[in-house]
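Colleague: I am new to this structure, and I would like to understand how its contacts get their names. Could we look at it together?

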Amino acid sequence: MGSIFAAAVVNATLLLLLACCLSGVVQCQEPQEVRASLVEFLRELAGGDEQVARDFAWDASVDPCGRGGGAAWTNVTCDDTDGRVRGIRLEGQAARLNGTINATLLCAASAIHRVSLQGNALRGGVPAGIASCKGISHLYLGGNRLSGDLPSSLAQLGRLRVLDVSRNNLSGEIPGGLSKLGIVRFLANDNRFSGTVPDFDLTQFKEFNVSNNNLTGPIPKNVGRFGKDRFWPNAAGMCGQPMFAACQLSLSPSPPPSKADGGHRKSTHIVMYLGYVLLGAVVLALAMYLCFKKQRRNKLGNKSMLGGRSGRVNDSSSKVTTTTTTTATSVSPSKSVYSLPTSVQQSPAAAAAPSTSLVVLRRSGTASITSTAAAAAAKELRFEDLLKSPAELLGRGRFGSSYKVVVPSGAALAVKRVKDAAVSEEEFRRRMERVGRAKHLAVLPPLAFYCAMQEKLVVYEFQSNGSLARLLHGSIESSQGPVDWPTRLQIAGKVAEGMAFMHASLSGDGTTTNSDSSGEEPAAADGPIAHGNLKTSNILFTSGMDPCISEYGVTAPLTPLLPIDGAAFHSDVRAFGVVLLELLTGKATVAQGDGAELARWVTSVIREEWTAEVFDRAMLAGGDGSSEQRMVRLLQVAMRCVDASPGAAPPTMREVAGMINAIREEDDRSISSEA
């Protein structure tokens, strides 16, 4: 009875309010002075350009919500009940919105609770008067040119739940009062903040990032699921487990000495301080020694080579066939100090036995992106060339390290070094041979490989244009401009086609499909081969900036000979879904993670906020409504890949490629019609 009575009261109240609105007793629209303030607010955002307000249809004589017969303002959301402005969304207009934020004019709309001005070129600072907008719960100011301190008055916004000031030029300390609010999303990365991180309670946070600043000191407690990349890089001195070294407790000051024992305590303090100085010197010397040792090891490589610690190596002979290079044991007179390290150690008995060969894969047909120079260099490649040639560390991951090696012929090769792979030498050999026969223009083929009990090496042609990860998440100083929507869609389509081809070719049905007509014998029946580690850093770009998938099958787990419903490839489909999410959001996944955090963030934003807030502002700039619709469709494809319904298998890569190609065709038709 009580709930029925309460519902009746609510309904009666709404009807009464509506009647009052219609009768003019209650004003169900923004007053004239509020409209004028908002128009002036937009004019100041545009640096005084009055044309911008006209282009956005912001007119003080017309109700923003379209009541009273006029057209509603664009980029404004209203309350359907009282006709008040609740949200303003002016994003991705860097060419036009390059002025300043006037909080007094903005806060004239007292009912406003969501303001998004990200992805523009706004200058000046975050005004302290923003605290007058008491109802604000979501404030997005990221991706502008704001400078100065973050005002402490922000802590007066008791309803604030989301604050994004990332990718600006803000400095000073982050106001400690923010930690007392009920914020669930705080983004302050890529600024110049100094001081310490406020003691936020991160247990309820959905998103948090303070990386790429000059912060120091302890990190908040209960960091939970947030990785180290949300705090680092920053200034030296960040501490707090489990991401950094434990913070040292500061000594409490001693009480002033009395006249009776002042001299004694003074002497004691001098001795104590000298002890601290000596202890600090020892710690500093030890740290410098460890850093020097680590740097020397990274630059010079491990001087213990394949033949043992005494300097002996397994030297390759000059006899080269079309597929393998035989090896024999000899003493190397010298080795380049910038050489490829290897951890394989042999006993004297094993060193006297014939070593495992460096296998050079045959290059046949034309469906390959490998250059002639790289193929020729690989054909004459010997194992000693890899050991003696100058090597540059490109990166480290969960499964090993990657190096750039310049062989004597001058060709640049990339060498993937895999340690402790859970696959036998014979299985790895068969796998690489099968992968080498399945050629596609969007897949970087292996040129050669070496396998031993403790580690494996796979040789590719070096791609100088970097990876998709660098293209999307590179440094601000990078000369690469923003990646637009058509480019991202093209990358997604080509990578999907390459993965679909490899899955079909290496499904383990008894044959390995070749993209050329070389007449090679099909491979014997074997289990399916998945990529095993698909991510944006393993999607490289050729000299023509075409995407190509690297390291296919190198770290894939062992799979049964007869897969059930393509289950062996499910992890690849999910990993590709994460790649799509990175393309659409512009956000990187946690280092050495599986993308689950990014998928959770996207899901939460879709459920709680505007779906369009998921998308990278650099991708939205210059787009139109129809492009945004296709972005939503690609987002749906990504979510199908990463979040299959319980009990249901994810789509196959062939199905995913078909869905993306349909979006690409529609996008091409739209561009043609606009031209």
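What follows is a conversation about charged pairs and aromatic rings in this model.

Modeller: Please keep in mind from the start that this is a predicted model.

Colleague: Why is the contact of Glu427 with Arg430 called a salt bridge?

Modeller: The closest N and O atoms of Glu427 and Arg430 are 2.7 Å apart, and the rule asks for a side-chain nitrogen of Lys or Arg within 4 Å of a carboxyl oxygen of Asp or Glu, so the pair is called a salt bridge. Both residues lie in helix α9 (residues 425-437), 3 residues apart, which is about one turn of the helix. By this rule the count comes to 19 salt bridges.

Colleague: What makes Glu427 buried or exposed?

Modeller: Glu427 has a relative accessibility of 15%, and because buried means under 20%, Glu427 counts as buried.

Colleague: Which residue forms a salt bridge with Arg633?

Modeller: Arg633 forms a salt bridge with Glu666, where the closest N and O atoms are 2.2 Å apart. This pair too links distant parts of the chain, Arg633 being in helix α15 and Glu666 in helix α16, 33 residues apart. Arg633, at 30% relative accessibility, counts as partly exposed, and Glu666, with a relative accessible area of 27%, is partly exposed as well. Salt bridges that share partners join Arg630, Arg633, Glu666 and Asp667 into one network.

Colleague: Turning to the rings, how many aromatic pairs does the structure hold?

Modeller: The structure holds 11 aromatic pairs. One of them joins Phe200 and Phe205, which are edge-to-face at 5.7 Å centre to centre, with 70° between the planes.

Colleague: Why is the pair of Phe200 and Phe208 called edge-to-face?

Modeller: The ring centres of Phe200 and Phe208 are 5.6 Å apart, within the 6.5 Å limit, and their planes stand at 65°, over the 60 degrees required, so the pair is edge-to-face. Phe200 and Phe208 are buried. Phe186, Phe200, Phe205, Phe208, Phe226 and Phe231 form one aromatic cluster.

Conventions
Residues numbered from 1 in each chain as written. Predicted model: local features only at pLDDT ≥ 70, side-chain atom pairs only at ≥ 80, totals over all residues. Heavy atoms only, no water. Helix = DSSP H or I, 4+ residues; strand = E, 2+ residues; numbered from the N terminus. Buried < 20%, exposed > 50% of the residue type's maximum accessible area, 1.4 Å probe, protein only. Phe/Tyr/Trp six-rings, centres within 6.5 Å; stacked < 30°, edge-to-face > 60°.
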